[in-house]
Amino acid sequence: MNRFDAVILGFALVMPAHAQVKTGLDVLIDENFQSLAGKRVGLATNQTGISSDDRRNIDVFAHAPGVKLTAIFAFEHGINGTREDNRIDSDVDEATGVPIYSLYNGGVRKPTAAMLKDVDVLVYDKQDNGARFYTSVTSMAYVMEAAAENHLLYYVLDRPNGINGVDIGGPLLDAKHVSFVTYMPGFPVRHGMTMGEMARYFNGEKKLGADLHVIPMRGWKRPMWFDETGLEWLNPSPNIRNLTEAVLYPGTCLLEGKFVSVGRGTDTPFEIVGAPWFRAREVAAYLNALKMLGVRFVPRRFRPTTAPYKGEECQGLDIQIVDRGCVRPRSPGIRAAVRDHEIPPRQVRTGRASAGQRRGSRQAGASGRQILEEARGPLEQFRRIRAQYLLYE
């Protein structure tokens, strides 16, 4: 054994052992597609829908025994997950010749009867990010609504909640803020559920009446983070490129707006927040003195290539995770957002989804402590309702 081999062997011996989770897609493959035998399938997915042997689910379904893939449905960011414009046209998958229907084109958000004319069963298979404000969560629910309205079977091939299935936090969504970004009232910012569990929750609590079937994962446990699953990371959206950004997204995204950059157009979106007028050194010192659990703040200059502040030098905060198990949706930014000397309230108006749609409730001007206290009771109620729809320990 040479020195290089010895180093590699030693490294392997000290690496922690992680589970190899089987996704719902892998389980369906193992079961030889028996539950879908003889069905014409409409598949709602994007680039994250891969099998453990690195095949696109589109190709898997196109060659599955006894199954005919007749339609593909794409969401925000398109079938390859790279688009950032707001009008994605329908297309045809080159490898299979199957039509791709866009559910992010003008007012089209839900499969129409015309799109479903050759479909017996709708199947959803996409990696989620674990935050309430995520359009593909709403798209999953809209596809389920279409299945119910057109009397079709609906299958969800489950995948992990990448930021674990235990932690829950943030205020719950008020009914007046329901939108394409946030589907259902009563949901906290961080919900700790898988897509399959959310489908069960939406179907039950909204009484959609869908003939819902979830193909559960094998080997996934609720405390797992994505890097403990043995699965390959694929960006769930263009600006969530690693697990750190996924963990910070439920908090930093709450600060995004016309006058506040959260690092879109940089190499580290959602890991930084700032603006040209931002007093980064003062804010970093203030926040670090509070000794927030799980995070630290470092002043940092950055120059985004997209709005807001395209091409301008911004003063900002680099948010560093020191203990991801302690990070909560509100802790990285709530105090910076509600105190005049950190981010003036007039400059937190948003350009994408409104602050209310992300925050979910009427809490502008409240202190971090008030927000957490007001959320405590509703969160416990959510936990009780949520428990009846969970699939994993």
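Over residues 6–16 of this predicted model, pLDDT stays under 50, and the model has two contacts beyond four places in sequence for that stretch. The pLDDT is also below 50 over residues 334–342, although this stretch has 21 contacts in the model beyond near neighbours in sequence. Where pLDDT is low, the predicted coordinates should not be read in detail. For the protein chain as a whole, the average pLDDT is 88, and 84% of the residues score at least 70.

**Overall architecture**

- The protein chain is built with ten helices and twelve strands, and 55% of its 393 residues count as buried.
- Among contacts in the protein chain with a separation of 6 or more, 74% are accounted for by residues 24 or more positions apart.

**Nonpolar cores**

- The largest nonpolar core has 87 residues, and Leu122, Tyr154 and Phe202 are those with the most contacts inside it; helix H4, spanning residues 135–149, gives the most to this core, with nine residues.
- Apart from that core lies another, of 24 residues, which includes Ile58, Val98, Val121 and Tyr155 among its members.
- When residues up to four places away in sequence are not counted, Tyr154 touches Leu122, Tyr124, Met140, Val143, Met144, Ala147, Asp211, Leu212 and His213.

**Helix H6**

- Helix H6, which covers residues 243–252, is mostly covered, with nine of its ten residues buried.
- These buried residues of H6 are Leu243, Glu245, Ala246, Val247, Leu248, Tyr249, Pro250, Gly251 and Thr252, and what covers them includes strand E8 (188–190) and E12.
- At the start of H6, the backbone nitrogen of Thr244 has a side-chain oxygen of Asn242 within 3.1 Å.

- Asn46 is placed in the loop between strand E1 (40–45) and helix H3 (57–62), and it counts as buried because its relative accessible area is 6%, where buried means under 20%.
- The side chains of Asn46 and Thr48 are joined by a polar contact of 2.7 Å.
- With neighbours within four places in sequence left aside, Asn46 is in contact with Gly78, Ile79, Asp125, Lys126 and Pro236.
- Val322 lies in the loop between strand E12 (314–321) and helix H8 (334–338), and Val322 counts as exposed because its relative accessibility is 54%, where exposed means over 50%.
- Leaving aside neighbours within four places in sequence, Val322 is in contact with Gly294, Val295 and Arg296; for Val322 and Val295, which are 27 residues apart in sequence, the C-alpha to C-alpha distance is 5.5 Å.

**Cysteines**

- A disulfide is a covalent bond between the sulfur atoms of two cysteines.
- With a disulfide taken as a pair of cysteine sulfur atoms within 2.5 Å, the count comes to zero disulfides.

How values were computed:
Residues numbered from 1 in each chain as written. Predicted model: local features only at pLDDT ≥ 70, side-chain atom pairs only at ≥ 80, totals over all residues. Heavy atoms only, no water. Core = buried A, V, L, I, M, F, W, Y, C linked by side-chain atoms within 4.5 Å. Buried < 20%, exposed > 50% of the residue type's maximum accessible area, 1.4 Å probe, protein only. Helix = DSSP H or I, 4+ residues; strand = E, 2+ residues; numbered from the N terminus. Contact = heavy atoms within 4.5 Å. Polar contact = N/O pair within 3.5 Å; in protein donor to acceptor, adjacent residues only side chain to side chain. pLDDT = per-residue confidence, 0-100.
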